[in-house]
Amino acid sequence: DSIELHEEAYAMMLNYNMKALGLICVGSGSSTQSMVDIRRVAQAALLVNATAVALCHNHPSGNMKPSIDDRNITKRAADALRCLGIRLLDHIIISPEGDYYSFADEGEL
């Protein structure tokens, strides 16, 4: 499956009642790096009038430790969305083995 060969990032848009309004791919990259387009995240959230967003991307290597880039993109996304009155609920990293890392669960959001 191609998602296990390289990183892909998705954003889920949610309304005030946490109903999913849409899911879009917001970036893809190499086997070790994903490029998340924060402008695309914000644009999609605004188009569906979302009040919250959850980000998710995969780590094909299975390593669940967030990279410096993962931490930076999470902070940048949260800051940008906050300016628009939209809350970043979580940024989840998943592995092919089914493991995950949640920035919210770890108190990083």
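Modeller: The side chains of Asp79 and Lys75 meet in a salt bridge, at 2.7 Å from N to O, where the term requires a side-chain nitrogen of Lys or Arg within 4 Å of a carboxyl oxygen of Asp or Glu. The model is a predicted one, in which local features need pLDDT of at least 70 and side-chain atom pairs count only at pLDDT 80 or more, while totals for chains, interfaces and linings use all residues. Residues are numbered from 1 along each chain as its sequence is written, and side-chain values use heavy atoms, with hydrogens and water left out.

Both Asp79 and Lys75 belong to helix α2, 4 residues apart, which is about one turn of the helix; helices (H or I, at least four residues) and strands (E, at least two) are DSSP runs numbered from the N terminus. Asp79 is partly exposed, with a relative accessible area of 29%, whereas Lys75 counts as exposed at 53%, given that buried means under 20% relative accessible area, exposed over 50% and partly exposed in between (1.4 Å probe, protein chains only).

Asp79 has a further partner, for the side chains of Arg82 and Asp79 also meet in a salt bridge, at 2.9 Å from N to O. Arg82 and Asp79 are 3 residues apart in helix α2 and therefore separated by about one helical turn, and Arg82 counts as exposed at 56% relative accessibility. Through these shared partners, salt bridges join Lys75, Asp79 and Arg82 into one network.

Glu108 counts as partly exposed at 32% relative accessibility, and Arg71 is partly exposed, with a relative accessible area of 32%.

Lys75 and His91 are 16 residues apart in sequence and 10.0 Å apart in space, C-alpha to C-alpha. His91 lies in strand β4 and is buried, with a relative accessible area of 2%. Leaving aside neighbours within four places in sequence, the residues in contact with His91 (heavy atoms within 4.5 Å) include Asp70, Ile73 and Thr74, together with Leu55, Cys56, His57 and Leu109.

Tyr101 and Phe103 are also among the contacts of His91. The structure holds 1 aromatic pair, and Tyr101 and Phe103 form it edge-to-face, with 5.4 Å centre to centre and 85 degrees between the planes. For this term, rings of Phe, Tyr and Trp (its six-membered ring) pair if their centres lie within 6.5 Å, and planes under 30 degrees apart count as stacked, over 60 as edge-to-face and the rest as tilted. Tyr101 and Phe103 are both buried. Beyond strand β4, Ser95 sits in the loop between β4 (87-94) and β5 (100-102) and counts as buried at 9% relative accessibility; apart from neighbours within four places in sequence, Ser95 is in contact with His59, Gly62 and Met64.

What covers the buried residues of α1 includes α2 (68-83), along with β1 (8-14), β2 (20-28) and β3 (52-58). Those buried residues of α1 are Ile38, Val41, Ala42, Ala44 and Ala45. Seen down the axis of α1, they fall within an arc of 165 degrees, so they line one face of the helix, the arc being that of the directions from the helix axis to the C-beta atoms. The face of α1 turned away from this buried side carries the exposed residues Arg39 and Leu47, and Leu47 counts as exposed at 69% relative accessibility.

Finally, in the loop between α1 and β3 lies Asn49, which has a positive phi of about 60 degrees although it is not a glycine. Asn49 is exposed, with a relative accessible area of 61%. In the loop between β1 and β2, Met18 likewise has a positive phi, near 65 degrees, and counts as partly exposed at 43% relative accessibility.
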